[in-house]
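Please consider the structure below before reading on.

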Amino acid sequence: MTAIIAYGSLINPEQRRQGLHLFADACPVLVKGYRRVFSQEPSWREGDRTHRAVLNVIKSDEDWFNGVLVALHSGSHFEDIDQREIGYNRVLVASSQIAPFEKISKKPSCEQGPDGQMSEQVSNAIAAQPTYIYLGKPEKQNNSILPNRDYLALCLRGAQHWGDTFYEQFLQTTYIGPRTLKSFLF
């Protein structure tokens, strides 16, 4: 089994089901060594001249973010995901950089895939499976654009789906330039 770390619109269960038909186990996790930023030029989403950025993660020893570990029960999912994430490179993440979300939340919230396995098993198997993350291609990064409004709304609904603690962390660990998303919105 392999997995991906979702950190943008794919934290929203509806987005995982739409187009990708990615009905896999999913659990919230913490990922160390990266900063989540609105700095990616979209490959297929439409925005306006200023508000067109989608999320990216960049390596950063000081930062971490919350995301969703999505277990893929079939390697064929990578073809579909790679096509969707055409402006990104898929890279392997060290298991030491991934921690179960429940370490900081008393109430873990996992989704069960169609095979009936409990998603808690996915969380417990972090070290045993190759896990990938999508990093924006350098030529697609642009720090002078603002979030695509529709995309931002999808991401916020996705973060809310995982509960109040996850949502608050999403706001605090997502950046637009030097500002957190929380300071940008409020």
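**Cavity, salt bridges and burial**

Q: What is the volume of the largest cavity?
A: About 270 Å³ of space lies in the largest cavity. This is a predicted model, in which local features need pLDDT of at least 70 and side-chain atom pairs count only at pLDDT 80 or more, while totals for chains, interfaces and linings use all residues. Residues are numbered from 1 along each chain as its sequence is written, and side-chain values use heavy atoms, with hydrogens and water left out.

Q: What makes this space a cavity?
A: On a 1 Å grid over the protein atoms alone, a cavity is a set of points where a 1.4 Å probe fits but cannot get out. By this rule, one cavity of 30 Å³ or more is counted.

Q: Which residues line the largest cavity closest to its centre?
A: They are Ser9, Arg84, Glu85, Tyr88 and Tyr151, out of 22 lining residues, a lining residue being one with an atom within 4 Å of a point. Strand 1 gives the largest share of the lining, three residues. By class, the lining has 13 nonpolar, five polar and four charged residues.

Q: Why is the pair Asp63 and Arg35 called a salt bridge?
A: A salt bridge requires a side-chain nitrogen of Lys or Arg within 4 Å of a carboxyl oxygen of Asp or Glu. The closest N and O atoms of Asp63 and Arg35 are 3.0 Å apart, so the pair meets the definition. Asp63 lies in strand 3 and Arg35 in strand 2, so the pair ties together parts 28 residues apart in sequence; strands here are DSSP runs of E, at least two residues long.

Q: Why does Asn12 count as buried?
A: Its relative accessibility is 5%, and Asn12 therefore counts as buried. Asn12 touches Leu154, Arg157 and Gly158, not counting residues up to four places away in sequence; touching means heavy atoms within 4.5 Å.

Methods:
Buried < 20%, exposed > 50% of the residue type's maximum accessible area, 1.4 Å probe, protein only. 1 Å grid on protein atoms, 1.4 Å probe; cavity = no way out; pocket = protein on both sides within 12 Å on 5 of 7 lines; lining within 4 Å. Points joined across faces, edges and corners; volume = space filled by probe spheres on them. Helix = DSSP H or I, 4+ residues; strand = E, 2+ residues; numbered from the N terminus. Nonpolar A, V, L, I, M, F, W, Y, C, P; charged D, E, K, R; others polar.
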